[in-house]
Amino acid sequence: MLDFKLFGPLSPNVVSTLIVVFVLSLIAIIIGIRVTKLDPRKTPKGFVFICVMIVDIFNRFIADHLPGKRGKIFGPYLFTILLFLVFANTISLFGLKPPLSNLSVALTFSLITIVMIKFAEMKYQGIGKKLLSLLGPVKPLAPIMLPINLIGEVSTPLTMSLRLFGNLMSGMVISVMVYTALHWAVGIFAGIFVHAIFDIFFGLIQAFVFFMLSTVNLSMASDV
């Protein structure tokens, strides 16, 4: 187990976040170096081939929701958050706390996404059109619709962060309850099964759900 006291005032969730970022950055650098050495006339093999296939599948998926230049602008960001969430939501398998089980980390992560969504709205819809949409389609009802729409704008990052935090935290709580309820001998076998469900299966599902929400919201925000 990692001794989190070595990191001083940093919380275990922040430490886990830094570890995930470091590992992903290192893997990206290694893959980048190997890709630059590839012969374009030959089919890549091994780990590089798997990476190329994953990127190709992702690009085809993004092209259906964010075609053309929109996919090139937002695709790298969406791919980054998907990779981060896949590693972050399953990092407890290595004895570390999931970063998104801390509400502040989950909220910060959601705020980054909402900034991207607002950027897409301003870029493709324009500031004027966005401000008019806050007033609603019926002008006499504008004073009523404006505060309601503003609450909706603020609630988006909050609900996205709470969804990540709540699902991951509930998985940890249920795991602890199972370990406590069962005897140690039975708990060894039950623990393997519980970890397989909550740390891998549910973690990957939450990563995909957040990725899809971000993709759909960006698609709607950039749709003129």
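Buried means under 20% relative accessible area, exposed means over 50%, and partly exposed lies in between (1.4 Å probe, protein chains only). Keep that scale at hand for the tour.

**Before you start**

This is a predicted model, in which local features need pLDDT of at least 70 and side-chain atom pairs count only at pLDDT 80 or more, while totals for chains, interfaces and linings use all residues. Residues are numbered from 1 along each chain as its sequence is written, and side-chain values use heavy atoms, with hydrogens and water left out.

**Stop 1: the whole chain**

Show the cartoon. The protein has seven helices and zero strands. Along the sequence the pattern reads α-α-α-α-α-α-α. Helices (H or I, at least four residues) and strands (E, at least two) are DSSP runs, numbered from the N terminus.

Colour by accessibility. Of the 224 residues, 33% count as buried. The protein exposes about 13,800 Å², and carbon and sulfur atoms supply 77% of that area. Accessible areas come from the Shrake-Rupley method with a 1.4 Å probe; for residues, only the protein chains shown count as cover.

**Stop 2: helix 1**

Select residues 12-36. Helix 1 has 25 residues and reaches 36 Å from its first C-alpha to its last, close to the 36 Å expected at 1.5 Å a residue. The expected span is 1.5 Å times one less than the number of residues.

Show the buried side chains of helix 1: Asn13, Val15, Ser16, Thr17, Val20, Leu24 and Ile31. What do they pack against? Helix 2, helix 3 (69-89) and helix 4.

**Stop 3: the nonpolar patch**

Stay on helix 1 and switch to a surface view. Select Phe22, Val23, Leu26, Ile27, Ile30, Phe47, Leu83 and Phe87, which form a nonpolar patch with about 680 Å² of accessible area together. Patches are made of residues with over 30% relative accessible area and no salt bridge; like charges are joined within 9 Å, nonpolar side chains (Val, Leu, Ile, Met, Phe, Trp, Tyr) within 5 Å.

Helix 1 and helix 3 each supply at least two residues of the patch. The largest share, five residues, comes from helix 1. Click on Ile30, which lies in helix 1. Ile30 is partly exposed, with a relative accessible area of 44%.

**Stop 4: the largest nonpolar core**

A nonpolar core is a set of buried Ala, Val, Leu, Ile, Met, Phe, Trp, Tyr and Cys residues joined through side-chain atoms within 4.5 Å. The largest one has 29 residues; those with the most contacts inside it are Leu78, Phe84, Leu85, Leu100, Phe109, Phe211 and Leu218. Helix 1, helix 2, helix 3, helix 4 and helix 7 (184-222) each give two or more residues to this core. Helix 3 gives the most, with eight residues. In soluble globular proteins, nonpolar side chains tend to be buried together.

Centre on Phe211. Which residues does Phe211 contact, leaving aside its neighbours within four places in sequence? They are Phe58, Phe61, Ile62, Leu78 and Leu82.

**Stop 5**

A search of the whole structure finds two salt bridges. The term means a side-chain nitrogen of Lys or Arg within 4 Å of a carboxyl oxygen of Asp or Glu.

Select Arg60 and Asp56. Their closest N and O atoms are 3.2 Å apart. The two residues are four apart in helix 2 (residues 46-65), so about one helical turn separates them. Arg60 is exposed, at 59% relative accessible area. Asp56 is partly exposed, at 31%.

**Stop 6**

Select Glu121 and Lys118. Their closest N and O atoms are 3.5 Å apart, and they form a salt bridge. Both lie in helix 4 (residues 103-124), three residues apart, about one turn of the helix.

Is Glu121 buried or exposed? Glu121 counts as buried, at 9% relative accessibility. Lys118 is partly exposed, with a relative accessible area of 24%.

Not counting residues up to four places away in sequence, Glu121 touches Gly126, Lys130, Glu153 and Ala221. With that same exclusion, Lys118 touches Lys130 and Glu153. Finish with a distance: the C-alpha atoms of Lys118 and Glu153, 35 residues apart along the chain, are separated by 9.6 Å.

Technical notes
Contact = heavy atoms within 4.5 Å.
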